[in-house]
Amino acid sequence: MHKIKAFASRNVKEILRDKLSYIFCLGFPLVMLFVMTIVNESIPKEAGMTIFRIDNLSGGIAVFGQTFVMLFTAITVAKDRSSAFLSRMYASPMTSNDFTFGYILPMLIIAVVQNIITYAVSYIISLAVGVSINPVGLLLSVASLIPSAIMFIGFGFLFGTLFDEKAAPGFCSIIISLGSFLGAIWFDADSTGGLMLKLCRCLPFYYCTKTARSSAALDFSLNEFFIPLIVVSASAVIISVVSSIVFKTKMKADLA
């Protein structure tokens, strides 16, 4: 545990040292909160469009922010692999599981803090625009988004293990695009229906957003919360296990 703690601490410092991490992991999601709130205020009430209303928007932006944690996970792992750092660390008593937890745990903490800040700002915006948001629901939503964060971090860990620091961000951008669009962050997939809804349901990102929004609204029904949470949790386990196995395989290959 001491080895994991020391390695995790080093990774947190690496992320916090990079100014771009503040821009993308914190600044960009908050900017989108304000921009899309302004867009919502510009939409005529009679249009009946509520997807950008702050009570719906906050959950989507929380998921959107997690995709950038994925990006910096991939960059950190890929950068360590391309340098001599991991080669030297392989000579230490650390196991592949120590490395896995040492990368994933600090990123998970960053993702949770990011979501707390996102929801705190969302609550302030809700007071300004006169939309009711239950603060208890926001706290529960932070907890319910932990599996989602693990899933995205797992993707980042996998891409950082498989690709170098130039290629890994490109693959992350694919997940960011899919997560944003097919995650139904920017449109109401359930109201749209048809082929688009079927596509959204084929990927776990839609269920991430659904979990965030339903828990924030204190809607814990089977279809709105529990089934999406199960899908996201299963996806998080699968991605984390696969990324851990791939990292272990790469580690053995580097040591051979």
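V39 is partly exposed, because its relative accessibility is 32%. This residue sits in helix α2, which covers residues 19-42. The structure is a predicted model. V39 also belongs to a nonpolar surface patch of about 530 Å², together with L20, I23, F24, F28, V31 and V35.

Aromatic contacts are the next topic. The model holds 20 aromatic pairs. In one of them, Y103 and F157 count as tilted, because their planes stand at 40°; the ring centres are 5.7 Å apart. Y103 is in helix α5 (residues 96-129) and F157 in helix α7 (residues 146-162), so this contact ties together parts that are 54 residues apart in sequence. Y103 counts as buried, because its relative accessibility is 0%. F157 is likewise buried, at 0% relative accessibility.

Y103 also pairs with F247, and this pair is edge-to-face. F247 lies in helix α12 (residues 222-255) and Y103 in helix α5, so the pair ties together parts that are 144 residues apart in sequence. F247 is buried, with a relative accessible area of 1%.

| Pair | Centre to centre | Angle between planes | Class |
|---|---|---|---|
| Y103 and F157 | 5.7 Å | 40° | tilted |
| Y103 and F247 | 6.4 Å | 70° | edge-to-face |

Which residues do ring pairs link into a cluster? The cluster consists of F152, F155, F159, F163, F171 and F205.

Methods:
Residues are numbered from 1 along each chain as its sequence is written. This is a predicted model: local features need pLDDT of at least 70, side-chain atom pairs count only at pLDDT 80 or more; totals for chains, interfaces and linings use all residues. Side-chain values use heavy atoms; hydrogens and water are left out. Patches are made of residues with over 30% relative accessible area and no salt bridge: like charges are joined within 9 Å, nonpolar side chains (Val, Leu, Ile, Met, Phe, Trp, Tyr) within 5 Å. Accessible areas come from the Shrake-Rupley method with a 1.4 Å probe; for residues, only the protein chains shown count as cover. A salt bridge is a side-chain nitrogen of Lys or Arg within 4 Å of a carboxyl oxygen of Asp or Glu. Helices (H or I, at least four residues) and strands (E, at least two) are DSSP runs, numbered from the N terminus. Buried means under 20% relative accessible area, exposed over 50%, partly exposed in between (1.4 Å probe, protein chains only). Rings of Phe, Tyr and Trp (its six-membered ring) pair if their centres lie within 6.5 Å; planes under 30 degrees apart count as stacked, over 60 as edge-to-face and the rest as tilted.
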